[in-house]
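Biologist: I would like to go through some of the labels attached to this model. Please set each value against its definition.

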Amino acid sequence: MKSLKANYFFWGYIILLTILCIFITPYYGITGDEIIQWKYGSYVWQYLKNNGNIGNLFSESFPGHDEMKYYGGIFDGISAMLIDFFHPKNEFLLRHYFNMLFGVLTILFSGLITKEIANKWSIGLLASLFITLTPRFFGEMFNNPKDIPFAAGYIIAIYYIIKFLKNIEAPKWKDTLGLSIGIALAIGVRIGGLLVVAYFGLFFVLLAFYSKKLEVAFYKKSLMHAIAAVFLGYILACLWWPYALEGILTNPIESLKIMSSYPLSIYMLFDGFRINTAEMPSNYLFKWLWVGTPIYLLIGFMGSFYVLFKNRTHQNLIFIGLLMFSFAFPILYIVYKKAVVYDALRHIIFVMPSMAILASLFCNYIYENFATSKNYKIISIVILSIFLTLPLKHMISNHPNQYIYFNELFGGVEKAFGYYELDYYQNSGKVGTDWIKEHILKNQKGKVKILSNLGTIDKYFFDADTALVYTSYGRWRERDHLDWDYYVAYSRFIEPENLQNHAWPPKNIVHEVKVDNTPVLIIIERKNKGDIEAFQALEKNDFATALAKYQENLKYDDSNEYIWYYYAITLANVGQLDMSIQAMKKALDLNGSNPEWYQLIAKLYNQKGETAYANMYNNLAQEKINSMTPQK
């Protein structure tokens, strides 16, 4: 009866979580990857609908063609099929609901795996709760179309590997089919899903040695099932992957080679430095795990090694070992291969369910073996509840930006500001643009010009408001000479020193989106467009007009370092070297990260004949160049 009640609680939790997720899904924004994947899904579905007769899918005309073809199309293709069938008003919202289902499946199968190992529904429920209350996982459940579906395939495959191995003498066809679906989903999102096939083979052999039953005849039936699972899973994955269909063996192999060391080059904020992905230090993932994972997961995972040691003569050793291997191997392989990783834990989010399962098994072990009295059991439950409350509080108070999370050991989001990436996925864009719709466009008579450094600012947020708004992408450092009425900016790609000195956010803010009282997105209102006219005059060498316009504009906004920079250039061109130097110093106060600005001041001092100051600023420029490269 007790077990039955736990069973009810487990399934009741999954049902209630699904209902909650249905209601909150519309609050999540379009992410940086979604637009290209939305387009890719459309190509995948059209390819399948037309039996491949849609011209060259991988031509230069397809945006992102050089990268996306190496990804399976199972999520994006099915999403496009659903869009084609149902014609939703908001295509991205349908994708988000579909994405959410994979997140819930991951949570469900994390619990089912734990129940299989611990033989307790209550510990299965605890594992599901653990992964739910992992903010970086939960916050990406709704709009991460690569990593969440991959995590679902990964954990589903592991569940059925365990079920298969438990009945290795006479595996059940339903488990074989389940394993093939997990394999299909994993490979159908990323070719790296072949990992689960390798795990299957490795732990099949290990269990055979462990059980000391090495006769081939004994495994005849299980080998037949294993081959069927892998073959069916691979074929199902390729059915939604046009590139694989054009070379069923050769193209996936090529994809594996390329994606193992994909040569992506973008800059990430890590440990206070802007670092190119090609030069990421080897501790990148380990540091992110340490700062971006809830405390209870860190403690529970480390404690699980003790559980492994205590189970060294038990059959569960194989299954706990599988979970540890499924967590550790991808990370160690990435480090060994020096593969490109970025965006915090996003590329290894699929190992977090394994971490949650291991942590729950550790909690169960402590509860059964160390909490020997009723009082100790109550104390252990209270302590765990306190640890769970910490991420829960963050998730509730920062909805829908839960994934911007740093644990309490590190010091939270406020300490991370300017040192680590915050809203790398642009999720806060929807919150900001919804505010514009409510507070600006609602009573607007003329057309508003909105500029942003968000790649998703275009019609995808304002598709129903095109009569009221004109949107465009514009870099943060170019905002002074581009035309806009409101600028929507998120903190990614802002210079680290600009953030660390709290020179960002600047003035004229009309709205901020905050996470734990830390700004992740701002909306600026332009009070004066003299900076545009000044820059245009400066380009024409009309220094008198530029000077007057910059002086006029600085009365409205003296927090833009680039205005001070161009103002300094204008002053220098009219012979006002002292004022030019002072203007450049103002620019450096706001953003002292650019060595060329120190060199410009040095040049100005040289023109004045003050070589000592010129040498000082040249030395500062060199120091700045040296400091921009982190020590490895």
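Modeller: Helix α9 passes helix α11 in a right-handed crossing. The model is predicted, so local features need pLDDT of at least 70 and side-chain atom pairs count only at pLDDT 80 or more, while totals for chains, interfaces and linings use all residues. Residues are numbered from 1 along each chain as its sequence is written, and side-chain values use heavy atoms, with hydrogens and water left out.

Biologist: What makes a crossing right-handed?

Modeller: A crossing is right-handed if the near helix is turned clockwise from the far one by less than a right angle, and left-handed if anticlockwise. Helices α9 (residues 173–189) and α11 (residues 220–239) pack at an angle of about 35 degrees, with their axes 7 Å apart. Axes are lines fitted to C-alpha atoms, for helices over the stretch in contact, and angles run from 0 to 180 degrees between N-to-C directions. Helices themselves are DSSP runs (H or I, at least four residues), as strands are (E, at least two), numbered from the N terminus.

Biologist: Which residues meet between α9 and α11?

Modeller: Contact means heavy atoms within 4.5 Å. Those of α9 include Trp 173, Leu 177 and Ile 183, and those of α11 include Met 224, Leu 232 and Tyr 234. The residues of this contact divide into 14 nonpolar, five polar and no charged.

Biologist: Why are α23 and α25 called oblique?

Modeller: Helix α23 (residues 530–539) and helix α25 (residues 561–573) pack at about 40 degrees, their axes 11 Å apart. Angles under 35 degrees count as roughly parallel, over 145 as roughly antiparallel, 65 to 115 as roughly perpendicular and the rest as oblique. The two helices are therefore oblique to each other. α23 passes α25 in a left-handed crossing.

Biologist: Why is the pair of Trp 11 and Trp 121 called tilted?

Modeller: Rings of Phe, Tyr and Trp (its six-membered ring) pair if their centres lie within 6.5 Å; planes under 30 degrees apart count as stacked, over 60 as edge-to-face and the rest as tilted. By this rule there are 52 aromatic pairs. The centres of Trp 11 and Trp 121 are 6.2 Å apart and their planes stand at 55 degrees, so the pair is tilted. Trp 11 lies in α1 (residues 2–24) and Trp 121 in α6 (residues 121–132), so the pair ties together parts 110 residues apart in sequence.

Biologist: Is Trp 121 buried or exposed?

Modeller: Buried means under 20% relative accessible area, exposed over 50%, and partly exposed in between (1.4 Å probe, protein chains only). Trp 121, at 15% relative accessibility, therefore counts as buried, whereas Trp 11, at 36%, counts as partly exposed.

Terms used
Nonpolar A, V, L, I, M, F, W, Y, C, P; charged D, E, K, R; others polar.
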